[in-house]
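Subject: Structure for you to look at

Hi,

Here is the structure I promised to pass on.

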Amino acid sequence: MRKIYLLLAAVALAVSSCQKDADSGGKSPTEPPGTIPADFDWKTIQGVSVTVAAPVAEGGTPAYSVIRVYASPILSEENVVARGVATAAAPFSTAVSIPAGARNLYVCADYPA
């Protein structure tokens, strides 16, 4: 008799723990979940062209300037995307790849000592 009560209790527990799925209102979705739109751009990087002229300092333009271009406002070596030299006669020009979400580039120019 005890086994029957235990069996009935287990069945009652199993039945009471079931939950009904939420009602979707009888509407079927237009696209299955996880569908990627046809116009989605899979690119994670973007190519940009950078040109930096030699900066003018007080008293004239230095012979050259070392240019560093960063993809982040944190000016550290791991964020440098390009570096080069600009003179009065030839600006620094290059093409770089940056993260697709980046909207700004940060330029730092160092003068010779």
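**Salt bridges and surroundings**

Asp110 and Arg68 pair through their side chains in a salt bridge, with 2.5 Å from N to O. The two partners come from distant parts of the chain, 42 residues apart: Asp110 sits in strand E5 (residues 106-110) and Arg68 in strand E2. Strands here are DSSP runs (E, at least two residues) and helices likewise (H or I, at least four), numbered from the N terminus. By salt bridge I mean a side-chain nitrogen of Lys or Arg within 4 Å of a carboxyl oxygen of Asp or Glu.

Before going further, a word on the source: this is a predicted model, where local features need pLDDT of at least 70, side-chain atom pairs count only at pLDDT 80 or more, and totals for chains, interfaces and linings use all residues. Residues are numbered from 1 along each chain as its sequence is written, and side-chain values use heavy atoms, with hydrogens and water left out.

Back to Asp110: its relative accessibility is 31%, so it counts as partly exposed. The cut-offs are under 20% relative accessible area for buried, over 50% for exposed, and partly exposed in between (1.4 Å probe, protein chains only).

Val66 is also worth a look. Leaving out residues up to four places away in sequence, Val66 touches Gly84, Cys108, Ala109 and Asp110 (contact means heavy atoms within 4.5 Å). Val66 is partly exposed, because its relative accessibility is 28%.

How many salt bridges are there by this rule? The count is two. Glu77 is partly exposed at 49% relative accessible area, and Arg83 is partly exposed at 47%.

Then there is Ser76, in the loop between E2 and strand E3 (80-86). Is Ser76 buried or exposed? With a relative accessible area of 17%, Ser76 is buried.

Finally, Trp42 lies in the loop between helix H1 (2-17) and strand E1 (45-52). Its relative accessible area is 60%, so Trp42 counts as exposed.

Cheers
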